[in-house]
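Hello,

Here is the structure I said I would pass on. My notes on it follow below.

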Amino acid sequence: MIGTGELIVILCVVLILFGGKKLPELARSIGLGIREFKKACNGDCEEEPIEPSSSQQLKKEPVTIVVEPEPKDRNPHG
């Protein structure tokens, strides 16, 4: 069983390793991971659609992909 002293030592080591600025980000990512794990365990498969805010509207532009044919002198078996 982990006591109070061991918990304080662990928290100090984490603070030294990650720094004060990274701790909130680390805690947030751990919280999101736990939430996703609980959703998976409960069988909640519904994903909430993420709608970008009006300032973050995605621009839809056509994309052109150019594919060059392979040279005919290339031997695929050797």
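A disulfide is counted here when two cysteine sulfur atoms lie within 2.5 Å of each other. By this rule, the count comes to 0 disulfides. Please keep in mind that this is a predicted model.

C41, at 53% relative accessibility, counts as exposed.

On the overall picture, the secondary structure consists of 2 helices and 0 strands. The protein has 78 residues, and 0% of them count as buried. Its accessible surface is about 8400 Å², and carbon and sulfur atoms account for 60% of that.

Helix α1 covers residues 4–18, and L7 sits in it. L7 is partly exposed, because its relative accessibility is 44%. Together with I2, I10 and L11, L7 forms a nonpolar patch on the surface. The accessible area of these four residues together is about 390 Å². As a general point, an α-helix has 3.6 residues a turn, so residues three or four places apart point the same way.

Helix α2 has 20 residues, covering 23–42.

Regards

Methods
Residues numbered from 1 in each chain as written. Predicted model: local features only at pLDDT ≥ 70, side-chain atom pairs only at ≥ 80, totals over all residues. Heavy atoms only, no water. Patch = residues over 30% accessible without salt bridge, like charges linked within 9 Å, V, L, I, M, F, W, Y side chains within 5 Å. Areas by Shrake-Rupley, 256 points an atom, 1.4 Å probe, with all protein chains shown as cover. Salt bridge = Lys/Arg side-chain N within 4 Å of Asp/Glu carboxyl O. Helix = DSSP H or I, 4+ residues; strand = E, 2+ residues; numbered from the N terminus. Buried < 20%, exposed > 50% of the residue type's maximum accessible area, 1.4 Å probe, protein only. Expected span 1.5 Å × (residues − 1).
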